Amino acid sequence: MVLASLPFSSPSPPPTSLVPRIPPLPTIPTSSPPSSSSSSLSRRTTITLLASSLAFPSLYSSPLFAGADEKDEPQRDEERVVQLFQEASPSVVFIKDLELRGAATSAKPPAVEELGEDDEELRDAKVEGTGSGFVWDKTGHIVTNYHVVAKLATDKSGLHRCKVYFEDFKGNTFSKEGKIVGFDPAYDLAVLKVDVEGDKLRPVPIGTSHDLRVGQSCFAIGNPYGYEHTLTTGVVSGLGREIPSPNGRPIRGAIQTDAAINAGNSGGPLIDSYGHVIGVNTATFTRKGTGISSGVNFAIPIDAVVRTVPYLIVYGTSVSNRF
């Protein structure tokens with residue numbers, strides 16, 4: 001009671017230039033004049049409200065509120081990768097190199113697409129190799145590695161066939177026979193042709209490889225060990241590497257990546273964060289005696305692919321072998 005009866009003396013205000021102008025609080029009408037104690041209380045309430053209003057900006061700029069959006073960043077990155085795979089995977093195909101058994105070499109073996117899964121000849125067909133590839137254009141050209149279809153390319157018996165498995169936009173799988181139209185062992189590249197309506201094909205967006213930087217993200221899509229449409233992620237680990245080709249000549253300018261590449265990934269695309277193809281997955285170093293990838297993987301740069309594939313489609317052979 002003693003403190004409440006003491007007269008209230010407001011401190012002298014600071015200079016006007018240092019304090020923002022605050023509009024006066026509205027006056028609440030009362031039926032009787034306030035007492036000395038109520039007047040003191042109202043002045044204290046005014047000062048408290050003023051101090052609270054000045055404190056709100058610092059509250060919203062505190063790290064507690066600023067960090068709210070950062071918590072969603074990993075989730076947004078994950079959604080980008082999921083969308084990247086969903087858009088790119090319909091362009092990737094699964095390739096099987098088959099050798100038909102029991103057919104006479106003088107007779108023309110049936111085309112693979114005319115054989116059902118229950119056909120005896122297809123059940124007896126020997127899988128000589130598997131790999132990946134991707135749709136190059138809407139006319140049905142498929143790009144892959146030469147070593148994936150090497151036996152088909154050099155077949156003299158007429159018993160080898162290549163079956164290409166597609167996935168349409170609804171996720172349904174269908175297959176067609178692939179006819180080889182050109183190959184270049186020096187760059188480990190080959191082009192197949194399938195008879196598929198253009199509206200069922202989704203060509204891949206082609207990027208560039210001359211401006212790649214070590215450390216940027218990359219993604220490999222393929223069919224390792226027969227597991228269709230597998231995604232692996234990594235970064236560009238190195239540039240300008242040299243790897244051997246099937247004919248023994250070096251492939252220069254190869255891309256090194258730690259995105260996992262295993263048997264069956266060969267011929268599949270290496271893509272960047274925008275979904276553009278930057279290379280063709282082709283080789284991996286394996287741990288001695290295990291066959292397990294060491295994490296040192298390579299892709300043929302897309303710039304070399306762009307220079308080579310059109311000539312393979314038109315002439316059926318590599319540029320170096322045309323002259």
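**Exercise 1. Find which strand pairs with strand 11 (residues 269–271), and in which sense.**

Solution. Strand 11 (residues 269–271) and strand 12 (residues 277–286) pair in the antiparallel sense, joined by 3 bridges. Here two strands pair if DSSP finds at least two bridges between them. Helices (H or I, at least four residues) and strands (E, at least two) are DSSP runs, numbered from the N terminus. Next, look across the pair: I271 stands opposite V277 in strand 12. Then follow the hairpin of strand 11 and strand 12, with its 5 residues between the strands, where G275 takes a positive phi near 85°.

Before you go on, note that this is a predicted model, in which local features need pLDDT of at least 70, side-chain atom pairs count only at pLDDT 80 or more, and totals for chains, interfaces and linings use all residues. Residues are numbered from 1 along each chain as its sequence is written, and side-chain values use heavy atoms, leaving out hydrogens and water.

**Exercise 2. Work out the order of the strands in the open sheet of 7 strands.**

Solution. Start with a general point: strands of a sheet pair through backbone hydrogen bonds, either parallel or antiparallel. In this open sheet, the order is 5-4-1-2-3-7-6, and the pairing is antiparallel. Strand 5 (173–177) and strand 6 (179–184) stand at the edges with a single partner strand each, so one side of each has no neighbour in the sheet. On average, neighbouring strands of this sheet are turned by 30° against each other, direction ignored.

Now zoom in on one pair. Strand 3 (residues 141–144) is joined to strand 7 (residues 189–193) by 4 bridges, and T144 stands opposite A190 in strand 7.

**Exercise 3. Decide which residues of the largest nonpolar core touch the most other members.**

Solution. A nonpolar core is a set of buried Ala, Val, Leu, Ile, Met, Phe, Trp, Tyr and Cys residues joined through side-chain atoms within 4.5 Å. Of the 20 residues in the largest one, I271 and V305 touch the most other members. The largest share, 5 residues, comes from helix 6. Leaving aside neighbours within four places in sequence, V305 is in contact (heavy atoms within 4.5 Å) with W136, V143, L189, V280, I300 and P310.

**Exercise 4. Say whether D188 and Y225 are buried or exposed.**

Solution. Buried means under 20% relative accessible area, exposed over 50%, and partly exposed in between (1.4 Å probe, protein chains only). D188, in the loop between strand 6 and strand 7, is buried because its relative accessibility is 4%. Y225, in the loop between strand 8 and strand 9 (230–244), is exposed because its relative accessibility is 52%. Check the backbone too: phi is near 55° in D188, a positive value in a residue other than glycine, and Y225 has a positive phi of about 55°.

**Exercise 5. Count the disulfides.**

Solution. A disulfide is a pair of cysteine sulfur atoms within 2.5 Å. By this rule, the count is 0. As for the cysteines C162 and C218, C162 is buried at 1% relative accessible area, and C218 is buried at 0%.

Conventions: Axes are lines fitted to C-alpha atoms, for helices over the stretch in contact, and angles run from 0 to 180 degrees between N-to-C directions.
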